[in-house]
Amino acid sequence: MNQSKQLVRLIEIAIMTAAAVILDIVSGMFLRMPQGGSVSIMMIPIFLISFRWGVKAGLTTGLLTGLVQIAIGNLFAQHPVQLLLDYLIAFAAIGLSGFFASSVRKASVSKTKGKLLVSVVSAVFIGSFLRYAAHVISGAVFFGSFAPKGTPVWIYSLTYNATYMVPSFIICAIVLCLLFMTAPRLLKTDRA
């Protein structure tokens, strides 16, 4: 990769990291859950970078998003391992959707809407599910004391985290599908 393309990638990672953090802060003003989490479109910038530049850039953007949230104090801190799970691992995991980057770009170029929808929804599902899994583990281990009496900790964590992750997945999948169907140029990294 030439230097100018590397510079463009780094600039986009920085911009999308900032966009993800801002979107999370704004959504948290209205929809913040009691022990953290919110219905949010903050994953969209991470998915966008993952589809444009692949797994490495997606992981980097997700990791930086988590680091910035920790740095600015936009968090629910219980334990260092909980911070690692809920912020660094959870957001970096979204970047693994970059494994679908090639199929998303190919479907976009060939203007195959069905394949594009399947690729985008599959990638968003995988990224969202991996983030959800990190939050569930953290919730069961570090927030289990919030479970109502008689409710198993794992059931509580699965349910609590699903209340914001399922809507977030659905919203992100719809927005990204609409975005790539109407503006497929967003997936192109080589500007002629």
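Predicted model: local features only at pLDDT ≥ 70, side-chain atom pairs only at ≥ 80, totals over all residues.
**Entry 1**

I then went back over helix 2 itself, which covers residues 43-53. I counted how much of helix 2 is hidden: 11 of its 11 residues are buried, so the helix is largely enclosed by the rest of the structure. I wrote down some of the buried residues, among them M43, P45, F47, R52 and W53.

**Entry 2. The whole chain**

I stepped back to look at the overall make-up. The protein has 7 helices and 0 strands. Read from the N terminus, the order of elements is α-α-α-α-α-α-α.

Next I looked up the dimensions. The C-alpha trace spans about 60 × 35 × 25 Å along its principal axes. I also checked the radius of gyration, which is 17 Å; a compact globule of 192 residues would have one near 16 Å, so the two agree.

How much of the protein is buried? I found that buried residues make up 46% of the 192 residues.

The protein has 15 positive and 4 negative charges, and their mean positions are 9 Å apart.

**Entry 3. What the record says**

Residues 116-144 are 93% helix and 0% strand, with end C-alpha atoms 39 Å apart.

I picked T65, which sits in helix 3, residues 55-72. Is T65 buried or exposed? Its relative accessible area is 0%, so I put T65 down as buried. Leaving out residues up to four places away in sequence, I found that T65 touches T17, A20, V21, M42 and I46.

I then looked at R131 in helix 6. R131 has 4% relative accessibility. The cut-off for buried is under 20%, so R131 counts as buried.

What does R131 touch, not counting residues up to four places away in sequence? I listed M42, M43, A90, F91, A93, I94, Y164 and M165. One of these, A93, is 38 residues from R131 along the chain, and the C-alpha atoms of R131 and A93 are separated by 5.9 Å.

**Entry 4. Two loop residues**

G98 is in the loop between helix 4 (80-94) and helix 5. I found G98 buried, with a relative accessible area of 7%. G98 touches S50, G54 and V55, again not counting residues up to four places away in sequence.

K111 is in the loop between helix 5 (101-109) and helix 6 (113-142). I found that K111 counts as exposed, at 69% relative accessibility. I also noted its backbone angle: K111 has a positive phi of about 55° although it is not a glycine.

S102 is in helix 5. I marked S102 as partly exposed, with a relative accessible area of 36%. From S102 to A20 I read 82 residues in sequence and 23 Å in space, C-alpha to C-alpha.

V8 lies in helix 1, residues 3-31. I marked V8 as partly exposed too, with a relative accessible area of 37%. V8 and S168 are 160 residues apart in sequence, and I found them 28 Å apart in space, C-alpha to C-alpha.

Key:
Residues numbered from 1 in each chain as written. Heavy atoms only, no water. Helix = DSSP H or I, 4+ residues; strand = E, 2+ residues; numbered from the N terminus. Rg over C-alpha atoms; globule rule 2.2 N^0.38 Å. Buried < 20%, exposed > 50% of the residue type's maximum accessible area, 1.4 Å probe, protein only. Lys, Arg positive; Asp, Glu negative; His and termini not counted. Charge placed at Lys NZ, Arg CZ, Asp CG, Glu CD. Contact = heavy atoms within 4.5 Å.
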